[in-house]
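Here is a brisk report on how the parts of this structure pack together. Please look over the sequence and the model before reading on.

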Amino acid sequence: MMINREFASSIKRLMPNSQRKTDLDRPVSIWREKDRLRGYPETTMVAIFKTTGCSWYRFSSCSMCGYFNDVSSEIRSENLKRQIDIVSDSLEDVKTLKIFTSGSFLDPQEFPIEARDYFFRKISGKVEKLLVESRTEYITESNIAYLKDFGIPIRIAIGLESANDQIMRNSINKGSTFAKYVKAAEAVRKMGYELRTYLLFKPLFLSEEDAIADMIDSVRKSAPYSTDVSVNPMNIQKNTMVEYQWKKGLYRLPRLWSLARILLESKDFGTQVVSYPTGGNKERGIHNESPDPNLLQLIYDGSLNQDFKELEDYYKSADKKEYFASLAAEQINLSQPDFERLISRTSNASVLI
Amino acid sequence: MIMIIDEAFFGFARAGTMDGNTPYPCILDTTDPEQLKLTDGSLVILGQKARPFREKETDETADFRNPVEWLSEDIVIIPDGAQLIQRPRKLIEKLSYVRNKHGMSKLIYLQGIADPYLIPILVYAGVSIFDDSTIRMESIKGIKYTIFGRSKADSAEITDNIDFIRKLIKAVSRSIHSGSIREIVEKYQISSKALEIMRLLDKDYEEECEKFFPRRTPYIKANSLESLRRPDLTRYREYVSNQYKKPSGKNVAVLMPCSARKPYSTSKSHKRIIEAIGKMRNQVHELIVTSPVGLVPRELEQTYPASSYDIPVIGEWYDDEKSMISNIIGAFFKNNSYDKVVAFVDKDLEFIMDSLPEGSILVSWDRSDESLSRLRETVSSIISEHPSSVKTNYKMERYTKIAEYQFGEWIAKYLEGCKIVRNYNSEMVVKDGKPVLIFNEMLGKFTINKQSAPWFIENGKFLVEIDDFKPTANIYAVGVLSTTPDVRQEDEVVLHHKGELKGVGIAKMPSRAMIDLKKGVAVKVRN
């Protein structure tokens, strides 16, 4: 059984019933960032298309995913085409493009073939490397074979999240398994595409040490299939189970030190390991006991250049007493309380002299 | 395997040892894997593996909105203490739920909180095990614990803070043994959350607390207003308000202030009042007005709690005390009627006039002989208006009232025709030449003997049913089959097996503990 029904329905209950009024013809967002899709750092365009949303939303959602906040059931191919026009027009001299939807680009229900074809025709000649993301069920030979015909090298990204099926089921509610990932990964390779594997660092109900171990194990297991593995530390998105637990103080976001440990530990597993945290050093993103901009920068730079020497030096020379005390506390606690927040609230109830 | 042996109880609080040498309440060392270790998603505590508690076999999931407790053989773990303490009401709810669901055979380990200013109240509320993880984090942040609260330093030694907490827990543990933990938590008001927990327990869990609270404690040091809501005092006030019946033939009530000296009648002021009333005392019912106890009919002054409390007196009453006194007086006079009520009180107690029956007389008591004469005249003129012919045996009347208070009204009929006989320094109730109840003056209560024990069996009162064996010094919890619902810790109880008398003794744990536990002394047998 891939699904924990009670967990799934708890998540479902937190999802909003109504959708926001939104401009159907505009992508959710477009921005540029650095990535190394062609093996070296370069400016890359990122576009998130507004779609009818992930097929999984009909049943539930992943515990950390709040992208359902950006979907509209009214989106038709025409709307997608107008969004594609906007993305295409904003490419300018950027040659690499990463495409996301609030679900799966390769899901023909969500992103109709007609719009997909339109997209490829529109960007061909402009884009020299493309990354698209999809759930495993749409990564079948028949669904992806013809994409080659557009002549753009493609890296397909799969949100594996964790190679541990129990975590997938009881902490993430992904509705998938490692076996399904492997099957999809093999199809990707057979069809001659590259694969990026996304992992989720520190899902619910795991202590930070256990989450670190899970990441290292997951990188090791996904490395043979992956051109690169991107470790995504948790960020808190609206209306999610993760947000719900976090607000109650029952979830502590992962720490940058831990991410450094994962990268340093798994950098030689035979794949490129990268991490570009969202919301790093912020309240809703990965952060240490106190903000550390240098550390975050070193993680970015190390990922982009695939050289973690500086990060390693920084890590080794730092005083991490507080960090390890926090981890030790989490390690013996059966829930993952946000101790800093909760303890200071509790302490404030008593006299300070 | 851990073996829990309780050595002392007080309400929900318990003190004892695990494995014969780890005392509890205690704080576990999170750096010692022998004590705590999380492996494969399972916590090993003192060598015992804990698993999440599931209501049904098929229910393999936790309720994600409300993390469940985890269970090992002897311990129930509440994982979300750090979060629950944010809403103390939720924490108390959870503790109460856990106690009722899993019984007392398991100790409660509360994770995520070891705030030194909360530990005493949490132990009082039933937590036995803490861990030092939050202390370590606070220490790194430069927090140093002191007896008066936290202080901030550049660096704080973890060992100092842990030592501070260990000493604190040791003292709390001692107070469970000595019966003074209620005083400790009342006075340890460094954290508002601690006070919140106590007030919520007193207010919303009154009934549950009462069932666990011992019948008596060594002494009530009522040094805070929270003392007014002690379960033993509310229990007493409930009795005087709703069940107590005044002795027949006493148709004039005289209310008077309390004295520092106990029993009141041995104090100088009370001696003067008693002398002033003189022979009329036969028809006068003396009622003592006091805080935090409320109202004490003279016959009960030797019993707990009237005989065993102390309170700061400044010649002015706080509103909480006034309303408590007004309430008990109001209820008392609704159930007990007199020809006339006289309040012989100081100025500060004149507020009670509002709660007295209509037509009650105020005679001001200013410690002068004149005021005593006025009392005498007032009582005398009332008696001449309402003559009464009942002659009472004052001593027998007093002991009957004490026995009714201790055991219930049902016992009165057994005491008819009894005599009081003095034997060395204690007095005995004697029936047909045989002592039936022995009054312990020191403790202000009766003890039951073989003669009177059958009455209790006949009436189903204060019974502890045991296996079929002959009790010697102690009855251990494993030997207890059941108890009647009226049994509280420190009660005089009768031991029986299927109605066959097996002995008498004193209850040494809450009755729920007698049922749930195997180890520990349930009843101390009186031979």
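Buried area is the accessible area, taken with a 1.4 Å probe, that two parts lose on being put together, summed over both. The model discussed here is predicted.

## Domains of chain B

Chain B is divided into domain 1 (4-212), domain 2 (225-385) and domain 3 (394-525). Domain 1 of chain B and domain 3 of chain B bury about 1000 Å² between them. Carbon and sulfur atoms carry 58% of that area. On the domain 1 side, Phe9(B), Met104(B) and Phe212(B) lose the most area to domain 3 of chain B. Together they account for 45% of what that side buries.

In this pairing, 15 residues of domain 1 of chain B are in contact with eleven residues of domain 3 of chain B. The centres of these two domains, taken over C-alpha atoms, lie 35 Å apart. One salt bridge is counted between domain 1 of chain B and domain 3 of chain B. Glu210(B) forms a salt bridge with Arg488(B), with the closest N and O atoms 2.9 Å apart.

## Interface of chains A and B

The size of an interface is often given as the accessible area lost when the parts come together. Chain A and chain B bury about 3500 Å² between them. Of this, 61% is on carbon and sulfur atoms. The contact takes 37 residues from chain A and 44 residues from chain B.

One salt bridge is found across the interface of chain A and chain B. Glu322(A) forms a salt bridge with Lys141(B). Their closest N and O atoms are 2.7 Å apart.

## Nonpolar cores

In soluble globular proteins, nonpolar side chains tend to be buried together. The largest nonpolar core here has 95 residues. Among those with the most contacts inside it are Leu97(A), Phe119(A), Leu130(A) and Leu311(A). Helix α9 (residues 256-266) of chain A gives the most to this core, with seven residues. A second, separate core has 77 residues, including Ala306(B), Tyr309(B), Met324(B) and Phe439(B).

Leu130(A) shows the packing in detail. Leaving aside neighbours within four places in sequence, its contacts include Leu97(A), Ile99(A), Phe119(A), Ile152(A) and Arg155(A).

## A buried glutamate

Glu321(B) is found in helix α11 (residues 319-335) of chain B. Which side chain of opposite charge is nearest to Glu321(B)? That side chain is Lys322(B), 8.7 Å away.

Not counting residues up to four places away in sequence, Glu321(B) touches Leu225(B), Leu228(B), Ser291(B), Ile311(B) and Glu316(B).

Terms used:
Residues numbered from 1 in each chain as written. Chains lettered and ligands numbered in written order. Predicted model: local features only at pLDDT ≥ 70, side-chain atom pairs only at ≥ 80, totals over all residues. Heavy atoms only, no water. Helix = DSSP H or I, 4+ residues; strand = E, 2+ residues; numbered from the N terminus. Buried < 20%, exposed > 50% of the residue type's maximum accessible area, 1.4 Å probe, protein only. Lys, Arg positive; Asp, Glu negative; His and termini not counted. Salt bridge = Lys/Arg side-chain N within 4 Å of Asp/Glu carboxyl O. Contact = heavy atoms within 4.5 Å. Core = buried A, V, L, I, M, F, W, Y, C linked by side-chain atoms within 4.5 Å. Domains from an automatic or database assignment.
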